[in-house]
Amino acid sequence: MSTNPCVLLRWTSCTPNPSAQARAALRRILDQLGLSGEAISDAVLAVSELVANATEHALGPYELRLRITAAEYICEIEDRDPHVPEIPAFPSGALFAPDPEGRGGGLDALLDLLAERGRGLSIVNELTCGAWGFTCTRTTKVAWARFPANMPPLLTEIVTRPENGARDEASECAERAYDLDR
């Protein structure tokens, strides 16, 4: 398997709705790689949060990459801000557990949570079971999230081509990852 990352999307601060574009690109490649619906949804939501954070809080240009190993998929979002954001304390228990004394919790806690900003990294932490983080250089930062791979036996049959015969980056990425094993 490839440990070299494949670029799925590049964008700037002027790119319209980069989170939606990142979700579409990642969903397409993970589907081609044979992941199940829930695994795809969790990965797409977590990565979408990291893309939104990079776009809102860091300088561009930005890049979404996918690194494929035998055991996992690693999504990387690179920006041009070498500073790691403040990481909030994550609750150790259930996020929306009702208060036993009937003084909040449950739906009230959920509504409070949704009314506030700054919960994206908590979502990423939950969806990745804590398998995420940041790597910094002098001029860049990479937010990364890891997801387990469930590789189907005949990987090359999953890769599809657009109807017009053109090659898209996601298909080329999948082929490069598979070709290394042949």
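Helices here are DSSP runs of H or I with at least four residues, and strands are E runs of at least two, numbered from the N terminus. The order is β-α-α-β-β-α-α-β-β-α. This is a predicted model, where local features need pLDDT of at least 70, side-chain atom pairs count only at pLDDT 80 or more, and totals for chains, interfaces and linings use all residues. Residues are numbered from 1 along each chain as its sequence is written, and side-chain values use heavy atoms, with hydrogens and water left out.

Colour by burial next. Of the 182 residues, 38% are buried. Buried means under 20% relative accessible area, exposed over 50%, and partly exposed in between (1.4 Å probe, protein chains only).

**The core**

Select Leu8, Leu26, Leu30, Val47, Leu64, Leu66 and Ile77. In the largest nonpolar core, which has 32 residues, these touch the most other members. Such a core is a set of buried Ala, Val, Leu, Ile, Met, Phe, Trp, Tyr and Cys residues joined through side-chain atoms within 4.5 Å. Elements giving two or more residues to this core include S1 (6-11), H1 (18-32) and H2 (37-57). H2 gives the most, with eight residues.

**Strand S1**

Now select S1. Five of its six residues are buried, so S1 is largely enclosed by the rest of the structure. S1 pairs with S2 in the antiparallel sense over five bridges; pairing requires DSSP to find at least two bridges between the strands. Find Val7: Arg65 in S2 stands opposite.

**Loops**

Go to the loop between H2 and S2, where Pro61 is found. The peptide bond from Gly60 to Pro61 is cis, with omega near 5°.

Move to Asn17, in the loop between S1 and H1. Asn17 is not a glycine, yet has a positive phi of about 45°. Asn17 is partly exposed, with a relative accessible area of 49%.

Last, select Cys129, in the loop between H4 and strand S4 (132-136). Cys129 also is not a glycine and has a positive phi, about 55°. Cys129 is exposed, at 74% relative accessible area.
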